[in-house]
Amino acid sequence: MPNKFLWILDNGHGKNTPGKRSPKLPDGKQLMEYEFNRAIVNKIITRLKVLKISHYNLVPELTDIALETRVARANTKLTPLQKIYVSVHGNAASDTWHDANGIETFYYTGSTKSSRLARAFQNRLITEVGWRDRGVKEANFYVIQYTKMPAILT
């Protein structure tokens, strides 16, 4: 079956984003969100390669790339395929551990195609990973608002 979509994968924050880390672990280390996001995106890329699904790693750099640049890269990526934009994040809620956990997926307010994409991703993620379902939500995050394709942030 030929590819229908190009998955544009955005791994969220870069190495120099302030904050964006777990509370300290017992050994004193912290999990940095940029490392987590890149590990997830790399796992997705590995799986997409096995399935022979077209993909594009939007931000291979470790440093922060401006939101405007991310959107411009996605919007100007030439392909005969339909594009979908998937931004991966590992949100932290505070400097201490608490019960905020699970998976949530955001789409741009009022976007029907992005809403369908978000629901499909969220359902599959919850089924596959088994984590708490925090739901599908509307938001006006820059990268899902200004991309010219169905876009989610999860």
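Modeller: Hi! One definition to start: buried means under 20% relative accessible area, exposed means over 50%, and partly exposed is in between, using a 1.4 Å probe and protein chains only.

Colleague: Thanks! What kind of model is this?

Modeller: This is a predicted model, where local features need pLDDT of at least 70, side-chain atom pairs count only at pLDDT 80 or more, and totals for chains, interfaces and linings use all residues. Residues are numbered from 1 along each chain as its sequence is written, and side-chain values use heavy atoms, with hydrogens and water left out.

Colleague: How many salt bridges does the structure hold?

Modeller: Five. A salt bridge here is a side-chain nitrogen of Lys or Arg within 4 Å of a carboxyl oxygen of Asp or Glu.

Colleague: Which residue does Lys137 form a salt bridge with?

Modeller: Glu104, and the closest N and O atoms are 2.6 Å apart. This pair links distant parts of the chain, with Lys137 in strand β5 (residues 133-139) and Glu104 in strand β4 (residues 103-108), 33 residues apart. Strands (E, at least two residues) and helices (H or I, at least four) are DSSP runs, numbered from the N terminus.

Colleague: Is Glu104 buried or exposed?

Modeller: Glu104 counts as buried, at 16% relative accessibility, while Lys137 is partly exposed at 28%.

Colleague: New topic: where do Glu128 and Arg124 lie?

Modeller: Both are in helix α3 (residues 112-129), four residues apart, or about one turn of the helix. Glu128 is exposed at 54% relative accessibility, and Arg124 is exposed at 55%.

Colleague: And which residues do shared partners join into one network?

Modeller: Glu104, Arg134 and Lys137, through salt bridges that share partners.
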